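Let's take a walk through this model together, one piece at a time. Have the viewer open and follow along.

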Amino acid sequence: MILLRLISWPYFRKHVLRTMLTTAGIVLGVAVFVAMRTANQSVLFAFSRTVDRIAGKTELQVTAGETGFDEDILEIVQAASSVRVAVPVIEAVVDTNIKGEGSLLILGVDMTGDRSLREYDLESGEEAVIDDPLVFLAQPDSIILTKEFAEKNRFAVGSRLPLGTVEGEKRFTVRGIMKSSGLTSAFGGNLAIMDIYAAQKTFGRGRKFDRIDLAVKPGHTIAESEQELRTLVGPGFQVDPPSGRGQQFEAMLGAYSMMVSISSLFALFIGMFIIYNSFAIAVTERRSEVGILRALGATRRQIRWLFLGESAVTGLIGSLGGLVFGVLVARAVAASIGGLITDVYGVAQHAGEVTASFALLAGALAIGVATSIVAALIPAQNAARVDPVRALQKGKYQVLSAGESRARMLAAAILAAVSIVCLTVGGSRVVFYAGYLLAVVVSLLLSPLLSLGFARMIRPLLKWARPVEGALAADSLIQAPRRTSASVAALMLSLAMVVAFAGMARASYTSIIDWMNTALNPDLFVLPSQNIVTRSMWFPPAMATELAAIPGVARVQMVRDVRIVFRRTPVMVIAIETSSVQQTTRRTPVEGDADEMYRATAAGQGLMVSDNLAQLQHLRLGEVIEVPAPLGVIRLPIVGIVIDYSDQQGTILMDRSLFERYWHDDSVNVFRLYLKSGAQVPDVKQRVLERYAGQRQVFVLTNGELKGYILRITDQWFSLTSVQIAVAVLVAILGIVNTLTVSITDRRRELGVLRVAGGLHGQIRRTIWLEALSIGAIGLVLGFALGAINLYYILQIVHRDIAGMRLEYEFPVSVVVALVPTILGAAFLAAIWPAESAVHGSLVEALEYE
Amino acid sequence: MIELDHITKRFEGQRQVTALADVSLVIPRGEMVSIIGPSGSGKSTLLNLVGGLDRPTSGQVRIDGATLGGLSDDELTRVRRDKIGFIFQFFNLLPTLSCLENVGLPLHLRGWPRRNVDARARELLTLVQLTDRMEHLPEELSGGERQRVAIARALSVYPPIILADEPTGNLDTQTGSDILALIRDLHARLGSTVVIVTHDMSVSQSCSRTIVLRDGRVVEDVRRSK
Amino acid sequence: MNSARRLITKARRAGSSLWPRASLRDARRTGARLRDSVAPWQRFLAAGFLVLIVSSGYMSAQAEDARQIVEEAQKRSDAKSQRYEGLLQVFDTKGKIADKRWTFERIGSHGQSKSVVRFTAPAEVKGVALLVVNHPDRASDQWMWTPAIERDRRIALQDRSTRFFGTDFSFEDLEERDVSQYDYTLAGDETVDAAVCWRIQSTPKQTRSSQYTRSIVWIRKDNYAFARIENFIRDQVVRRLNYSDIQNVQGIWTARRLEMTDLRRGSRTVLMLEKLQYNVPMKDEDFTLQAIRRP
């Protein structure tokens, strides 16, 4: 401790900027970690809390995926011996059309029984007109709002509120306002209560419920009841406590959460390099100081602890800063994640407030400090090894010793071999990830040697371009590989990530566009809501005939897609009119015979599954799978595996007749319209809209609009990762700044000589810039190389564990080309300040003898 | 011609140090002057001011009639690169560059074409009798050889003024006198003005004029005939 | 009118709720018997809408008189069918809140009756119909038809202490009390509205869960018609039901005006029976789900 105060503090004070930069590395790393995790948690938490608040005293919920089920299930559940009370629920999310309010979660309940589970405390306004329960039930336009929502938007009892329904926009009458309570805080207060039967009609749900909420009879345990109900309702249903929905939501976001984890860890990893870099430099710079301490009797142990102590303090301060910063930006991140989740998964949620859990913060703090200490381990070890006699002599200590290089080479070669073995052996997930990790370690081991090699290679080039400045910039890199290599490594890692993500994004785009071009070829799509993934409202099948009758329409196909739980995972079921689809949209299966696939599917004798589902669930062609449905379990063979990106967790395609039979559901999510030749798309679109004007809420998208919409969602998905990439690059740039500030200190004398010898400011700057650009260039080369490897692994991970997408390996040349100026520009920016300080230092001091 | 007009240089700090107090000097063209004095007498400061490496607190430095005060850093550098060559006690060669490159450095900085730079550097190294060491790195040379390279670098454009700060201070006696002989020889052949800061009496005695500084003041200014 | 509204508002703020709270504890207490013993609407409608509230049973020699009286009162009100037009008015301490009108029809004898209520006013609830089909051996089936959404719904009622659609009656108040589950004691004579009455205390037995600790029933000595019921929670009267305008309609002494006062809320609900008729010819097919869908 006393050493820290006497030795470290003055050093930190002397190198304020460098200390700040070092700390900034950790701040950024921890901040990204905290922000991403907090935002993610907040979104999940908000969802769970909404579920929780809405659940009230509900102990179990009966659902059938998100398909809903026939009303008579309610009687079965109510008749169960362990059930005290069971009430039906419908949930729908509608757009309020109020600026800044977003969507409103409508809970359709049966008021005559529901109060056993939920508390509805109503508050009558001053002008209480009707708050008669009979009126509420009798009038389908009745709605009850929360006090929060009503006050914010100046609604009172009797106010009218327009909402989109299947029958177009309708005005609802506020017949009650709920007092603030647990329930009213669900969905950020944007909650409304409607009679369940009115909700069925309003949202085109037919005679179906989304869910049954129930409480268990005294004397029965929840587990008993769960067991009883499972037997009663069959495998097509899920019987879970309300918290189960939160888990399902999380499962659905699996791919997304994994991305968040990878990139937030990555940010920390890069922060670690900044710390390592700083400490490696500090140790070499303070060699003589360490030598003196050793000469004065400090043990190796004490020296090691001195540096570890410094890193712990830096880590602590940086992590604290990161926590604050992270929590501050978490709100914005949460908003964007929320939007993304709504758009990608169609699950609306309202992360009203961002709440950082103590565990997360404590964890992040610990990780930050640990990262910092780990990063300082090697430098601290080097410091402890300092020989007191040699340390006090002047000499070159920055150069890598031949022995060390050899050791690195050897280690790298061995690990590379192991990594390749891991890859070829394949199979187990652990082996695969170990191989990935080893590949990264190899690249880190080699990065000093490689950056040295590259610096030597570019020296003639730089010298040719700028005989003095260029040669000296290259020499600076060559002379101090330790100073340079950590920055290069940090840059390499972040670029490798950029390349991999870009490659993945590109491959995804290619695949998605391919899929869209084959699978989504109708001219028009008719949807009940603006958002194609929202499934709050359904169309009746009778509309198919009406649409077919519209002039210009050649063919109408009905599609119903729902998310169900298959093998404990939420997957998408898409019911299609197979025989019609076969004629318009013939897909070539990845596995299986196209003719047989369509024939068996149309006949209801087989199922088509998406490639990603097959991959994630290890399904094979011909395998008989069990798809649970409310009216029984479908046991059919897989007759074809096709590319389909409707859902990240996978898709099961079946014939509409099969779906109708097992779900007893003939509603439609989307009508696919093919036009007669000669018919103009805009004309027909207009006719469809006119046909339903005032009767139904209908959204018509052209083929291009739908594809654009999907691509926009895809963009959004990747935009989040690009933010993280930006942070990674920023951290890498911090590394460059750090390296350069050290470099100009080291080169102070040299730069002084240059100035004495007639170097103008511009020339001095140029040598610093060239050094930065060289770091950037080497980082680019190594980054691209590692990126090429990384991309392979990322695609494998996506394929195996995230989305099951079979993506083509394609090096993202355009991104790489764009990265060159970006990184060189960033390196240049990083060099501006160091260059200025190099130019403006005192010449006399620079030349003073040490 | 070097003119110092009432030069005062103070270093601000917790303890104010007056390095030079109201020094006025004129060193005519072609003179070889030595400046001597004990440590801290201000002789290096004087040299730095003449070389434009530092700026006086008050007073004016004029080189060939041009006032240095008021010039920007780059303008100072231009004066320096055209008129002044520097020789240091610790040579200040760049360790990563070969002798040829070190000598060519100021020429490259002036933007000379590569071919000319190479030719001139070779010429200069021949001048300092290092024809066989051209491609060597400084660390491969002896101290005397390094100083020769440094001298060759200082001569790059045959500047009218050469400033040397303890050029023999880091060398053994024999080598030191060789270097001094070289400087004298060059002075004679090129006719440059040479100012040598030294505390080596043998060096000062070989100069035609010796200025003695003590506590920032000129206490003696001796011209001796050859 | 305005002041009345304000008062109502005030009273409501003081603790009313539209959908009366059902605490889990309450519900648990009633839990086990809930499904088969409680179908308040059924009892309420089957009993001829409050014409017969309390049925009796013998318990002990001492209570025999009291129980006989209650049983006699029940016997005298029996009819093959019944029809009336009801006017329901809810008053707060300051005035009227809302009127509702309906027509009521009932067919069949005790325990097997079917009844239909059709709301006729106000406009918001016009056409809403309730059908109750009683079964002697199990809980009744109840449906509600709401014409605006063209849809019938099964009614599941799961808590008896809650208010009946915003009135001062709780569902329990409307239910036919299971005679064997009460103890009756004759507590002397008392005059209600200038009529001499028996004052009978009824206490639910252990097996019978009730929101009330006990009730006191006044039955007129001259015609065995109910005159008043007071319901207690511990020692406090919480609801009082007054029967007035008692007339002999086709040989059955029937109160034409019923007034329920909620003493905790300070509000009261008045039900008036108009155009009351007994033993009107009715058809079974008018008491079906299909029938209530017809306007």
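**A guided tour**

With 17 C-beta neighbours inside 10 Å, Arg749(A) counts as partly exposed, because that label covers residues between the buried cut-off (20 or more other C-beta atoms within 10 Å of the residue's own) and the exposed one (12 or fewer), with C-beta atoms placed from the backbone. Arg749(A) sits in helix α26 of chain A, residues 748-756; helices here are DSSP runs of H or I with at least four residues, strands are runs of E with at least two, and both are numbered from the N terminus. If you skip neighbours within four places in sequence, Arg749(A) is in contact with Ala846(A) and Leu847(A), where contact has C-beta atoms, placed from the backbone, within 7 Å. Now look for Lys707(A): it is 42 residues from Arg749(A) along the chain, and their C-alpha atoms are separated by 62 Å.

A bit of housekeeping before going on. This is a predicted model, in which local features need pLDDT of at least 70 and side-chain atom pairs count only at pLDDT 80 or more, while totals for chains, interfaces and linings use all residues. Residues are numbered from 1 along each chain as its sequence is written, and chains are lettered from A and ligands numbered from 1 in the order in which they are written.

Zoom out to chain A. Its C-alpha trace spans about 95 × 65 × 50 Å along the principal axes, and the chain holds 29 helices and 21 strands. Of its 850 residues, 55% count as buried. Take the contacts in chain A with a separation of 6 or more: 84% of them come from residues 24 or more positions apart. How confident is the predictor about chain A? The mean pLDDT (the predictor's confidence in each residue, from 0 to 100) is 83, with 92% of residues reaching 70 or more. Over residues 123-130 of chain A, though, pLDDT is below 50, and this stretch has 24 contacts in the model beyond near neighbours in sequence.

Next, a couple of helix pairs in chain A. The axes of α16 (residues 429-465) and α18 (residues 481-519) come within 9 Å and cross at roughly 125°; axes are lines fitted to C-alpha atoms, for helices over the stretch in contact, and angles run from 0 to 180 degrees between N-to-C directions. That makes α16(A) oblique to α18(A), since under 35 degrees counts as roughly parallel, over 145 as roughly antiparallel, 65 to 115 as roughly perpendicular and the rest as oblique. On the α16(A) side the contact includes Ser443(A), Leu444(A) and Pro448(A), and on the α18(A) side it includes Val488(A), Ala489(A) and Met492(A). By class, this contact has seven nonpolar, five polar and no charged residues; Ala, Val, Leu, Ile, Met, Phe, Trp, Tyr, Cys and Pro count as nonpolar, Asp, Glu, Lys and Arg as charged, and the others, Gly among them, as polar.

Then there's α3 (residues 72-79) with α8 (residues 222-233) of chain A, whose axes come within 10 Å and cross at roughly 140°. Here Ile73(A), Ile76(A) and Val77(A) of α3(A) meet Leu229(A), Leu232(A) and Val233(A) of α8(A). That contact divides into six nonpolar, no polar and no charged residues.

Which parts of chain B touch chain A? In total, 22 residues of chain B are in contact with 20 residues of chain A. On the chain B side, the elements giving two or more residues are α2 (73-83) and α3 (99-109). That side divides into eight nonpolar, five polar and nine charged residues. As for α3(B), 11 of its 11 residues are buried, among them Cys99(B), Glu101(B) and His108(B). Its cover includes α17 (469-479) and α27 (761-802) of chain A, together with α2, α4 (114-127) and α5 of chain B. Just after α3(B), Gly111(B) takes a positive phi of about 85°.

Most residues other than glycine have a negative phi, and most peptide bonds are trans. Arg568(A) has phi near 65°; this residue is in the loop between β14 (553-566) and β15 (569-576) of chain A, and with 9 C-beta neighbours inside 10 Å it counts as exposed. Tyr158(B) has phi near 50° and is placed in the loop between α5 (143-154) and β7 (161-165) of chain B. Over in chain C, the peptide bond from Ala121(C) to Pro122(C) is cis, with omega near -5°, and Pro122(C) lies in the loop between β3 (114-121) and β4 (129-133).

Notes:
Two residues are in contact if their C-beta atoms, placed from the backbone, lie within 7 Å.
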